[in-house]
Amino acid sequence: MAETADPGAVGRARAWYTAGCAETERGEYAAAAGSFGRALEIAPDWSEAHHNLGRALFELGRVDEAIQCFERAAHGPHPGLPRAMLALAIPGSAAADHRAVLDARRAWAREFLPPLRPGPRASAGVLAEGRPLRVGYVSSFFHRPNWMKPVWALINHHDRRAVAVHLFADSPGWSGGDGYHPEPGDTVHSIAGMPNDEAAAFIERCALDVLVDLNGYSRQTRLPLYQWRPAPVLAAWFNMYATTGMPCFDYLVGDDVVIAPEEERWYGERVLRVSGSYLPFEVSHAAPNIVDAPCASGRPVTFGCLASQYKLTPDAMAAWGRIMRAAPGSTLVLRNAALATAGTRRYMLDALAGCGIARDRVRILGHADHFDFLRTYDDIDVALD
């Protein structure tokens, strides 16, 4: 923070900043945003406060405002974290087009990733050798069965005569289960806690043909691993929204809905298109029985959204307001982990009221285990996203 002529003002700014950090730690992002804003009223050029304000706004779903904060913070003396947050958050910004996403991610990769290293060459004779294709998958979230459902829906159906499966688990203590059905010949490797260069060297010793990143920017600190090119072919799938912006990736898996053909010029990777959805799906986990729609009993329609809080943007809420004004008497159910805090609930009720959705039409719920989370749909007629 640039020191001002008024020592008292400096102290007040630091006090507000400290309060914002404490509120962030408790998940009270609305209060944190207010505190960082007060600090910036006193010290408007404080780049760390702009960054932390951006983090709080992003968690609330105010992505466009968060992007502005990260851009301001990136002009300060420590641009690494705000540049990283720009690269992570920008696909969710309504104000950003595809070129802006590509530019932001390329700028972060160019400035903050290690140099691209030539990796092992692809073997042209895999099929002639008569052996399975050695495919590795890297994830920090194998222990999250609710998140991994599309991944297991693919891997559990690999023909092991054609594909030798290697799983590189970046989640401490995970060695299988949680929806994964291992087959003889599958190999689970732990890379939890390994620095990126060591993890890359370990993966390279496994002599893969293809390595697939499942994390995307949700585990941004693992992305440098791929700059070492530990396999001949690198692909991104499942959790990579928009281009990686990184020169190391050869392919990105998508379909004609998530990546329209005219958008492909803003991707640095070759897009591998699959028919239908790029995400497989099957219910191999415990799930509640399907029940009749609540409105079948004659009550008004209940809308609902169980998406993460950072996805509940002002544009989304404005759309919900238009929908609910067209459906008199309808109600709205919201549930996500961030809504467990009183401040986030108040923030959402105020924001929805600003969109014309009265408080008595909204029911807000917080964290639940996955089975009870899914049971929330018993009370919803139409899911909004």
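Okay, a quick definition before anything else: when I say two strands pair, I mean DSSP finds at least two bridges between them. And keep in mind that what we have up here is a predicted model.

With that in hand, let's go to β5 and β6. Strand β5, residues 233-236, and strand β6, residues 251-254, run parallel and are joined by 2 bridges. If you want a spot to look at, A236 sits opposite L252 in β6. Carry on from β6 and you get to β7, residues 270-273, again parallel, this time with 4 bridges. Over there, V253 faces L272 in β7.

So what happens in the loop between β5 and β6? That's where F238 is. F238 isn't a glycine, yet its phi is positive, near 80°. As a reminder, most residues other than glycine have a negative phi. Is F238 buried or exposed? It counts as buried, at 5% relative accessibility.

There's another one like that. D178, also not a glycine, has a positive phi of about 60°. You'll find D178 in the loop between β2, residues 163-169, and β3, residues 187-190. D178 is partly exposed, with a relative accessible area of 36%.

Okay, next sheet. Four strands make an open sheet here, and the order is β10-β9-β8-β11, with parallel pairing. Which strands stand at the edges? Those are β10, 362-365, and β11, 382-383; each has a single partner strand, so one side of each has no neighbour in the sheet. For β10, there are 4 bridges to β9, residues 331-335. Within that pair, V333 is opposite R363 in β10.

Let me zoom out to the whole chain. We're looking at 12 helices and 11 strands. The radius of gyration is 23 Å, close to the 21 Å from the globule rule for 385 residues, so the chain is as compact as a globular protein of that length. The C-alpha atoms fill a box of roughly 70 × 65 × 45 Å along the principal axes. Of the 385 residues, 46% count as buried. On contacts: taking those with a separation of 6 or more, 63% are between residues 24 or more positions apart.

Terms used. Residues numbered from 1 in each chain as written. Predicted model: local features only at pLDDT ≥ 70, side-chain atom pairs only at ≥ 80, totals over all residues. Heavy atoms only, no water. Rg over C-alpha atoms; globule rule 2.2 N^0.38 Å. Buried < 20%, exposed > 50% of the residue type's maximum accessible area, 1.4 Å probe, protein only. Contact = heavy atoms within 4.5 Å.
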